[in-house]
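Dear colleague,

I am handing over the structure we talked about, and below it you will find notes on what turned up in it. Please read them with the model open beside you.

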Amino acid sequence: MNRLRAALLVTGVVVIGYALAGSFLQLGGKLGGVLIFLVAVLVLHDGIWLPLVLAAGAVLGRFGPARHRGVLRVAAIVAVALTVVALPLVLGLGRTADNPSALPLNYGRNLALLLLGLAVTTALIMARALIRASPALIRTSPALIRAVIRRRGRKDSERPDDGSDG
Amino acid sequence: MVRDPDRPLTSPDSPVAGPDSPVAGPDHLEAAADPPETAPARLSERAARLWTWLWEHPLPVPPERLRIGPFRPAAFAPRSTRLTSTLGLLLGVAFGICFLTGLLSHVIQHPPPWFWWPSRPAGLYRVTQGVHVATGLASIPLLGAKLWSVYPRLFTWPPARTLVHAAERGSVALLVAGGLFQLASGLLNIARWYTPMPFFFTTGHYWVAWLTIGALLIHIAVQLPVVREALTRRAPPDAGRRQVLLGAGVAAGLITLTTVGETVRPLSGLAVLAPRRPTIGPQGLPVNKTALGAGVRASASDPAYGLVVIGPAGPIRLDLAALNALPQHTVVLPIACVEGWSASATWSGVRLRDLVTMAGADPGRAFVLVESLEAGGHYRTSTVEPPLTADPFTLIALRLRGDVLHLDHGYPARLIAPNRPGVLQTKWVGRLTVRETR
């Protein structure tokens, strides 16, 4: 394996050298633009984006109902990822009047519908978890289920933080 | 994000091994240090000393009072190495696929002398480029989760122990910046939003791809033992790890499902986040560059239009009536855009090989320079190589789905050929120059 690692290391260094040489020769005046963008994405991601994500995770961990923290965490990751991918389309700043075939959809509405679907799915999963955890008897009675959900919701909020982080 | 490194060759009395220094990871760098196992021994004494110095000489440790905020010990909840390794493995495969398909697309557009690209299967490029874009999109949540999982390592203390440690951290910074650059610029490109990118997308995306892959290879070399150990060891069940993996996986799946219909026709109804729909556009087909955008509205609509064919037999000029009088052929071929969308359509027109024969050349040996009526631009011309020139599917198309071409689809005449990137399917063709190889 050490031979493989050495080969990977040497190849990696050579490839970076090739990339640097090629960039200097081909990008010319635009090299500065590439460097700015490289640094910008790194700083924005590590300096602003991730701290925000960590803060959101901490809020979820602190205030989210303990029983559903896992489901909510998964749902939050999915919602954030979908939003990031959809954002340039929702903003639609790449649209031009002469080309209606580019970005032809109402992406704001589509993203909202996707997030709504995600929220409904998450709620259903949470409800199922509640019902499963309840005695079989109450499954037949919607009124009882509602009462149980109310009670459990109260219980969850009283439950101390289990220390899992977001 | 910067992997806690080791001090493989550090002597026990070295300051970096003092009680203040964090616990070293497994000695995985040692192997990378020695690879040409006997190399240092074979080098002169001086070179050997330099080598040792690079690996062992401790860099000054910043004063402890600067160890604040995220640099504090235990500033972050611990992350699972197994999660990091799993995500790393997935991303390694994804970036590998993106690199190879992207490189392929690049050499198809800028063929080096040794490169040969077949004309069949006709839909091969739509697959490779569809995979390129779909894989890049699916990588977004994976990279997000991966960088979250290694974030505490950004605040390793001391920031750099030795020069080799500093170099390794530098390569990781390069990898992270490069990975983010590629996914962000790719996403902006398919959304056609170029303002935030202070460079020409194609060349920037291309050279940073090499940079990223180089840094990735170094990263794999350094982390291979850690990944192996993390993925082979039986890990205790960890709800947090499963949630992050599940979240990233579901996100990648949903992103794929809601975008891949821009090229996979049966899923086009689900493509609610796709920048294109294969059926939306003039004559039911998307357009990349419009006649207005290309500045050819006037010249392409000029009734005096004529296609000039220059070859060994001398120049020929064919007006629209003459082109329509030539034998017409109909083919079903996809437009496969570099941006990842594709759509098949029925094209009719004159076979390129018939025009090449008229020009006095052998289609099997002819390169054809296809020139647009555009005054300039990166894709004003394209070259058709012999395999495509000879292919009966390669047309100078005059009609799309039975109707005269829409101006935005290249009226009066456009190139359409199998297994070829959309940007090379030159529109508003004004001139063909035929050159024969020996």
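A residue is called buried if its relative accessible area is under 20%, exposed if it is over 50%, and partly exposed in between, with a 1.4 Å probe and protein chains only. This is a predicted model, in which local features need pLDDT of at least 70 and side-chain atom pairs count only at pLDDT 80 or more, while totals for chains, interfaces and linings use all residues. Residues are numbered from 1 along each chain as its sequence is written, chains are lettered from A and ligands numbered from 1 in the order in which they are written, and side-chain values use heavy atoms, with hydrogens and water left out.

Chain A has 5 helices and 0 strands, where helices (H or I, at least four residues) and strands (E, at least two) are DSSP runs numbered from the N terminus. Of its 166 residues, 36% count as buried. Taking a contact to mean heavy atoms within 4.5 Å, 53% of the contacts in chain A between residues at least 6 apart in sequence join residues at least 24 apart.

Next come the aromatic rings. A pair of aromatic rings is described by the distance of the centres and the angle of the planes. Rings of Phe, Tyr and Trp (for Trp, the six-membered ring) pair if their centres lie within 6.5 Å, and planes under 30 degrees apart count as stacked, over 60 as edge-to-face and the rest as tilted. By this rule there are 16 aromatic pairs over all chains. One of them is the edge-to-face pair of A:Phe37 and B:Phe199, with 5.4 Å centre to centre and 70 degrees between the planes. This pair joins two chains, because A:Phe37 lies in helix α2 (residues 31-63) of chain A and B:Phe199 in the loop between α6 (163-190) and α7 (201-232) of chain B. A:Phe37 counts as buried at 8% relative accessibility, and B:Phe199 counts as buried at 7%.

B:Tyr151 and B:Phe155 also form an edge-to-face pair, at 5.3 Å centre to centre and 85 degrees between the planes. Here B:Tyr151 is buried at 5% relative accessibility, and B:Phe155 is buried at 13%. Elsewhere, ring pairs link A:Tyr18, B:Phe99, B:Tyr206, B:Trp207 and B:Trp210 into a cluster.

Finally, a charge sits over a ring if NZ of Lys or CZ of Arg is within 6 Å of the ring centre and within 35 degrees of the ring normal. The charged end of B:Arg120 sits over the ring of B:Phe393, 4.1 Å from its centre, and B:Arg435 lies over the face of B:Phe367, at 5.2 Å from the ring centre.
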